[in-house]
Amino acid sequence: MELDKDHPFVPYVRDQYTAEEMLERSKSFYEWANTRRSVRDFSDKPVPKEVMENLIMTGSTAPSGAHKQPWTFCLISNKELKSKLRELAEEEERKSYGGRMSDEWLKDLEPLGTDAVKEFIDIAPWIVIVLKRPYEMNEDGTKHQNYYVNESVGLAAGFFLMAVHNAGLVALTHTPSPMNFIAKALERPDNERPFLLIPVGYPAENVQVPDLERKSKDDVIEYYE
Ligand code: IYR
């Protein structure tokens, strides 16, 4: 690779594992990841702000188009704001469940037991709003486009969810739709668009989750050897 003095490279050294260690690590990590579940019932037990900052900064380690990191995470614990977001989310969701979603879609949601009531927005100690940034504003007022924005922000959200799981906490990837009300309520600038609303906290006592199965290896992998 051509070295360029304006864009220095630094050495990067990874820990390496034996084949056995790698097998063991990949297996135990998969088994641990497979214990993650989306949870809709939260406890109001507080979670320290510094923990949340670490989880978000883990999300922000995700790869992104041209390393632009085209995301903003709003970290909300303010009760009045949460309650306003709940009210606005439920308003949209009542429209969605009451006619905007197709019968087929509603049928697909039946196993999850979802409805337009979004109590978790009030109850979870933290609401994280992940926003995508399709462009940045230059100082002269012109726009600078970001790249692969949905892919990048999706990855950041995935990394964040794994960090939540690692901390022993739970989350829900909630998508009240349309989401413009969130940008308005949070007074976000024009170059930020809400992507996901993620409550984070401890699960409610005796929480239950739908009895779902994940796709098998044969369902998700096509081999070309
Ligand atoms: N956004 C609605 C509906 C919903 C849609 C899908 I796709 C889900 O996997 C779950 C819910 C809601 O959050 O209730």
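1. A residue is called buried here when its relative accessible area is under 20%, exposed when that area is over 50%, and partly exposed in between. This criterion is applied below to a predicted model. By it, E192 and R133 are both buried. For R133 the relative accessibility is 18%, so the residue falls under the 20% cut-off.

2. E192 and R133 are also joined to each other by a salt bridge, in which the closest N and O atoms are 2.7 Å apart. This pair connects distant parts of the chain, the two residues being 59 residues apart. E192 belongs to the loop between α7 (180-185) and β6 (193-201), whereas R133 belongs to the loop between β2 (126-132) and β3 (135-137).

3. Within it, the side chains of R133 and E136 meet at 2.6 Å, N to O. E136 has a relative accessible area of 23% and is therefore partly exposed, since that value lies between the 20% and 50% limits.

4. Salt bridges number nine in the structure.

5. Turning to helix packing, helix α2 (residues 49-59) packs with helix α6 (residues 149-166). Their axes are 7 Å apart and form an angle of about 140 degrees. The arrangement of α2 relative to α6 is therefore oblique, because only angles over 145 degrees would count as roughly antiparallel. The crossing of these two helices, α2 and α6, is right-handed.

6. Finally, the surface carries a nonpolar patch formed by V220, I221 and Y223. Together these three residues have about 290 Å² of accessible area. V220 is placed in helix α8 (residues 217-220). Its relative accessibility is 55%, so V220 counts as exposed, in contrast to E192 and R133, which are buried.

Conventions
Residues numbered from 1 in each chain as written. Predicted model: local features only at pLDDT ≥ 70, side-chain atom pairs only at ≥ 80, totals over all residues. Heavy atoms only, no water. Patch = residues over 30% accessible without salt bridge, like charges linked within 9 Å, V, L, I, M, F, W, Y side chains within 5 Å. Areas by Shrake-Rupley, 256 points an atom, 1.4 Å probe, with all protein chains shown as cover. Salt bridge = Lys/Arg side-chain N within 4 Å of Asp/Glu carboxyl O. Helix = DSSP H or I, 4+ residues; strand = E, 2+ residues; numbered from the N terminus. Buried < 20%, exposed > 50% of the residue type's maximum accessible area, 1.4 Å probe, protein only. Axes fitted to C-alpha atoms, helices over the stretch in contact; angles between N-to-C directions. Parallel < 35°, antiparallel > 145°, perpendicular 65-115°, else oblique. Left-handed = near helix turned anticlockwise from the far one by under 90°.
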